[in-house]
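Here's a quick briefing for anyone meeting this structure for the first time. Have a look at it, then read on.

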Amino acid sequence: MVRRDIKGRGISDPRVLEAMAAVPREAFVGPRQARRAYADGPLPIGEGQTISQPYVVAWMAEAAEVAPGDRVLEVGTGSGYAAAVLGRLAETVHTVERHAALAKDAAERLRELGCDNVNVRHGDGSEGWSEHAPYDAIVVAAASPDVPGPLREQLHTGGRLVIPVGGRWSIQRLIRERRAESGEFTREELGAVRFVPLV
């Protein structure tokens, strides 16, 4: 999977490639989906949500430029798969999931896998997790019409925010914003994506 669908599609950060190779994706899907765990596509995980395709997880992790000492916020825990990948790149990951059942399952799964630097919270991800701010990187796994203000406020100077922007039925673009020392944000458009809406 890593060779064909991730490195083969242009992801070049060696730390991201190592993290993707180290995290067992089959542990984050149900028994019926296990045989498809390493196909490059999303899979259902319940509550109308999906586990993102591996390439997109790697793409967003690379775009966030996560360094070993970073504190990361993830919005949209889902199964916990992307949080586990980010946890291998960062010092700590704080991840928020709006579905209580998914948050509970993800926390248990991450604990069983020894992802001790990943903390899961059930709540409204659009509000971030202010207790642990500021963050060096914020990764959002759901589409929003624009970047929620609280997420920008919780980004550290020099930090990167990666989020799909667009509506459920309109074109969504993955964008990266950086916070300058002046407090201003610069924006880069990275490409087209398709995500569930941020609610």
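**Charged pairs and their surroundings**

Arg 160 and Asp 70 are both buried (under 20% relative accessible area; exposed is over 50%, partly exposed in between, with a 1.4 Å probe and protein chains only). Keep in mind that this is a predicted model, where local features need pLDDT of at least 70, side-chain atom pairs count only at pLDDT 80 or more, and totals for chains, interfaces and linings use all residues. Residues are numbered from 1 along each chain as its sequence is written, and side-chain values use heavy atoms, leaving out hydrogens and water.

**Salt bridges**

- The structure has 13 salt bridges (a side-chain nitrogen of Lys or Arg within 4 Å of a carboxyl oxygen of Asp or Glu).
- Arg 160 pairs up with Asp 70 in one of them, with the closest N and O atoms 2.9 Å apart.
- Arg 160 sits in strand β7 and Asp 70 in the loop between α3 and β3, so this pair ties together parts 90 residues apart in sequence (helices are DSSP runs of H or I, at least four residues, and strands are runs of E, at least two, numbered from the N terminus).
- Glu 65 forms a salt bridge with Arg 176, at 3.5 Å between the closest N and O atoms.
- Glu 65 is partly exposed at 35% relative accessibility, while Arg 176 is buried at 11%.

**Around Gln 49**

- Gln 49 belongs to strand β2 (residues 49-51) and is buried, with a relative accessible area of 15%.
- Leaving aside residues up to four places away in sequence, Gln 49 touches Leu 43, Pro 44, Arg 98, His 99, Leu 102 and Val 196 (contact means heavy atoms within 4.5 Å).
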